[in-house]
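Let us learn to read a protein model together.

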Amino acid sequence: MAAQAPQETALEDSSRDREIGVEQEHLDRVYQRLEEKIHEAEFLMNDAAKRGQVGTPGALAERDAQVFRAGVHLNRLNNEFEDFLFGRIDLLLGKDGKKGPDGAYTAVEPAEGAVREDNTADIAETLHIGRIGVLDQDYAPLVIDWRAPAAAPFYRSTPVDPGRVVRRRVIRSKGRRVLGVEDDLMRPELKAFLGGDELAVIGDGALMAALGQARSHTMRDIVASIQAEQDLVIRAPAASVTYVEGGPGTGKTAVALHRAAYLLYQDRRRYSGGILIVSPTPLLVAYTEGVLPSLGEEGQVAIRAIGSLVDGAEATLYDAPSTARAKGSYRMLKVLRKAARGALELGPGGRAPQGRPASGGTAANRTGQLAFGDDPGDDDTGTPARTPAGPPTRLRVVAFGRRLELEAAELERVRRTALGGTAPVNLLRPRARKLLLDALWTQSGAGTRHSDPELAAELRSSFDEDVSTEDSFIAFLDAWWPELTPQAVLAAMADERRLGRWARRILNPGEVRKVARSLRRDGYSVHDIAMLDELQAILGTPARPRKKRDLDPLDQLTGLEELMPVREESQRERAERLAAERTEYAHVIVDEAQDVTPMQWRMLGRRGRHATWTVVGDPAQSSWSDVDEAAEARDEALGTRPRRRFQLTVNYRNPAEIAQLAAKVLALAMPGSTSPSAVRSTGVEPRFTVVRDSLAQTVREEAARLLDRVDGTVGVVVAMQRREEAAKWLAGLGDRVVALGSLEAKGLEYDATVVVSPAEIADESPAGLRVLYVALTRATQQLTVVSGDRDEPDDCGVPDLLRD
Ligand SMILES: Nc1ncnc2c1ncn2[C@@H]1O[C@H](COP(=O)(O)OP(=O)(O)OP(=O)(O)O)[C@@H](O)[C@H]1O
């Protein structure tokens with residue numbers, strides 16, 4: 001942390017106070033203006049409400065639009081009131097005298113002669129940067145929105161390439177009080193004057209101050225200290241695919257979130273189609289979702305875990321690595337295609353296999369349409385405990401006074417014909433119905449009765465009408481070609497024998513057994529969610545008549561029903577409703593993209609068919625074993641859109657001491673790759689210890705020790721198989737400490753971490769070394785490694801994997 005130097009002189013103190021006073025004055029003006037704007041917005045809303053429900057439709061439309069705009073504005077102002085102002089730049093005169101829409105001069109480079117020959121210059125423009133823009137009564141900028149072009153130099157300017165910036169200042173405030181300022185000089189060689197006084201320079205680096213702060217359970221925004229290489233990504237044009245790679249702690253997640261806010265600001269209309277941010281775990285969603293509201297967005301951005309992308313199903317279970325490999329790979333696609341068609345033949349009427357959720361889980365329960373007859377039981381063999389009810393094997397109807405009958409073989413032929421091609425199975429039902437009617441018509445012989453085509457057609461149509469309204473025909477069709485749901489097909493795959501049939505020559509018998517067994521559990525894994533989504537695409541959703549929302553007659557009159565929810569719903573409810581209704585997005589941001597499996601890429605691809613993309617990841621942290629197959633799937637999902645690649649190179653999270661240790665594992669996991677350079681050092685080396693009395697006791701003591709040493713959070717990272725017991729080890733230590741499995745640690749960070757048995761973590765999956773690399777890079781200050789026997793620690797407790 002950038003503590004104040006003890007030898008700071010009284011003179012320095014007084015110039016600091018003076019500069020704080022200057023910024024306080026400005027902040028007071030800004031708040032005064034904000035209050036005026038809030039009153040304006042409130043007045044607008046009240047006034048519009050008072051005008052009541054009278055007037056022409058046009059006037060009512062105008063009223064509602066006004067209420068809508070005022071509501072959004074008010075909400076924003078209220079949200080942004082805290083720590084509103086955070087930056088300032090002092091600039092030289094620009095090349096031309098042109099101003100942009102935000103009232104600031106647009107030139108990036110200084111005018112000739114802006115710096116005098118004796119290396120002195122005058123500050124020609126001062127801009128304050130904040131979370132949203134504020135203009136004064138004369139439309140001069142009091143605060144520039146951080147996403148506006150005029151704010152870019154605040155992030156981009158460096159001493160090597162300063163542009164017009166002389167001094168860059170970060171302002172720290174709480175509520176309405178300015179607490180401190182930190183300056184960086186971009187042109188240290190220059191003597192610059194502002195209003196006749198020499199420009200003051202205070203403090204020693206805002207970035208270091210930000211990085212040293214204690215961590216909480218939620219992420220903070222980094223608007224005040226975005227670095228130049230990060231800013232390039234945040235402001236990259238949205239066209240096509242922006243691909244960002246960088247090691248742990250380089251700010252990929254932070255950059256992705258700020259980019260969402262930036263894109264919305266740049267082109268709100270275009271992104272009203274929604275921005276989807278996909279995170280690997282609900283833990284990471286919870287950690288990051290607070291960042292966006294503080295960036296001034298209200299609802300167009302959905303942050304979802306990859307296991308929560310399918311409505312009505314939520315991933316709560318983990319798959320063993322080998323099961324996950326089978327479920328996530330492209331091979332599963334072929335299995336699902338077979339299963340979707342095969343499931344038709346099972347027919348309705350039985351009950352869902354044991355173990356699927358009793359409510360909300362199986363299609364049978366949710367839609368009442370379908371349940372399968374057999375139950376795999378819980379044993380490893382997957383032997384069916386009962387035979388399926390099966391589809392009906394005979395169709396009997398009476399038409400034109402004759403009894404007609406289709407037997408099993410004929411029905412099978414009709415089914416095959418109907419299933420030909422690749423159309424979604426559920427959408428083929430009308431075709432199957434037509435083919436059945438054709439077969440019955442042929443059997444009736446009625447087609448030969450008339451040579452006149454018009455009469456023949458009439459006869460056929462009345463035949464179709466008669467048969468298809470007959471109760472026995474309707475019941476048959478429902479049983480023989482039921483509408484399948486993804487959940488029901490997945491439930492059908494829980495039967496090992498059946499899955500073995502559908503997966504013949506695609507999965508090996510061991511995989512079939514593991515996948516079937518995993519599908520008999522109560523709940524879903526992230527991989528199941530991608531399978532459900534794929535099945536939805538394979539099955540298709542038959543069109544249904546749309547239910548009309550109950551509308552106020554006045555809304556219908558004005559045609560403004562879309563605006564009404566603003567008055568009825570909170571912003572959050574509205575955002576949730578929009579997110580739930582949305583299936584495709586205008587921009588998709590994928591965080592931790594290195595872990596996305598081929599099947600998951602297909603799921604994401606369906607949500608961004610017409611989208612632009614930001615894909616953020618680090619191959620060295622990938623927990624997915626077949627990196628090439630995932631890359632192929634990613635390329636397929638992103639299509640042929642051109643890619644723009646960025647690399648982030650600086651590690652802002654880990655101190656050098658921890659980064660150096662993690663680099664040893666990186667060298668094993670991905671020989672030849674370079675680690676990002678750590679930006680700071682704490683002087684505290686990682687601590688190594690071995691199990692003393694018991695693993696539980698040792699870990700507990702080490703966690704308690706770290707809780708004493710840091711102000712913020714402590715994370716205890718264990719192999720996935722230990723995560724439940726680890727939570728018990730920490731009981732009673734308070735909520736600053738948490739236990740998490742290695743895969744859950746992805747993307748998160750803590751002040752200090754205890755990594756328990758590197759060997760256990762590394763041995764847990766084929767990508768184990770990369771998972772260990774993730775585990776070792778979570779701490780912002782201190783790291784303790786606890787070794788068990790399996791780690792083969794040396795005399796100093798250093799495990800084999802972490803030795804030189
Ligand atoms: N410019 C910055 N100013 C202040 N803090 C920053 C900056 N960039 C990154 N950080 C901080 O560094 C930490 C790491 O950032 P982030 O989690 O976005 O990294 P990441 O690249 O996604 O890491 P990982 O790959 O390990 O998940 C966060 O605490 C973030 O706030």
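Q: Is glycine 251 buried or exposed?
A: Count the C-beta atoms around the residue's own; 20 or more others within 10 Å means buried. Glycine 251 has 26 C-beta neighbours inside 10 Å, so glycine 251 counts as buried. Keep in mind that this is a predicted model.

Q: Where is glycine 251 found?
A: Look for the elements on either side. Glycine 251 sits in the loop between strand 10 and helix 6.

Q: Which residues does glycine 251 touch?
A: Set aside residues up to four places away in sequence. Glycine 251 then touches Ile222, Gln230, Leu648 and Tyr652.

Q: Why does glycine 249 count as buried?
A: Use the cut-off again: 20 or more other C-beta atoms within 10 Å. Glycine 249 has 28 within 10 Å, so glycine 249 is buried. Glycine 249 lies in the loop between strand 10 (241–246) and helix 6.

Q: What is glycine 249 in contact with?
A: Again, leave out neighbours within four places in sequence. Glycine 249 is in contact with Asn651, Tyr652, Arg653, Asn654, Pro676 and Thr777.

Q: Where does UniProt place the feature "binding site"?
A: Here we turn to a record. The unreviewed UniProt entry puts this feature at Gly246, Gly247, Pro248, Gly249, Thr250, Gly251, Lys252 and Thr253.

Q: Which residues touch the most other members of the largest nonpolar core?
A: Think of a core as buried nonpolar residues joined by closeness. The largest one has 192 residues, and Ile275 and Val716 touch the most other members. Helix 6 gives this core its largest share, 9 residues. Not counting residues up to four places away in sequence, isoleucine 275 touches several residues, including Ala260, Leu263 and Leu264.

Q: How many helices and strands are in the protein chain?
A: Finish with the whole chain. The protein chain has 28 helices and 26 strands. Of its 804 residues, 45% count as buried. Among contacts between residues at least 6 apart in sequence, 74% join residues at least 24 apart.

Terms used: Residues are numbered from 1 along each chain as its sequence is written. This is a predicted model: local features need pLDDT of at least 70, side-chain atom pairs count only at pLDDT 80 or more; totals for chains, interfaces and linings use all residues. UniProt positions are given in the numbering used here, feature names are shortened, and annotations may be inferred rather than shown by experiment. Helices (H or I, at least four residues) and strands (E, at least two) are DSSP runs, numbered from the N terminus. A residue is buried if 20 or more other C-beta atoms lie within 10 Å of its own, exposed if 12 or fewer, and partly exposed in between; C-beta atoms are placed from the backbone. Two residues are in contact if their C-beta atoms, placed from the backbone, lie within 7 Å. A nonpolar core is a set of buried Ala, Val, Leu, Ile, Met, Phe, Trp, Tyr and Cys residues joined through C-beta atoms within 7 Å.
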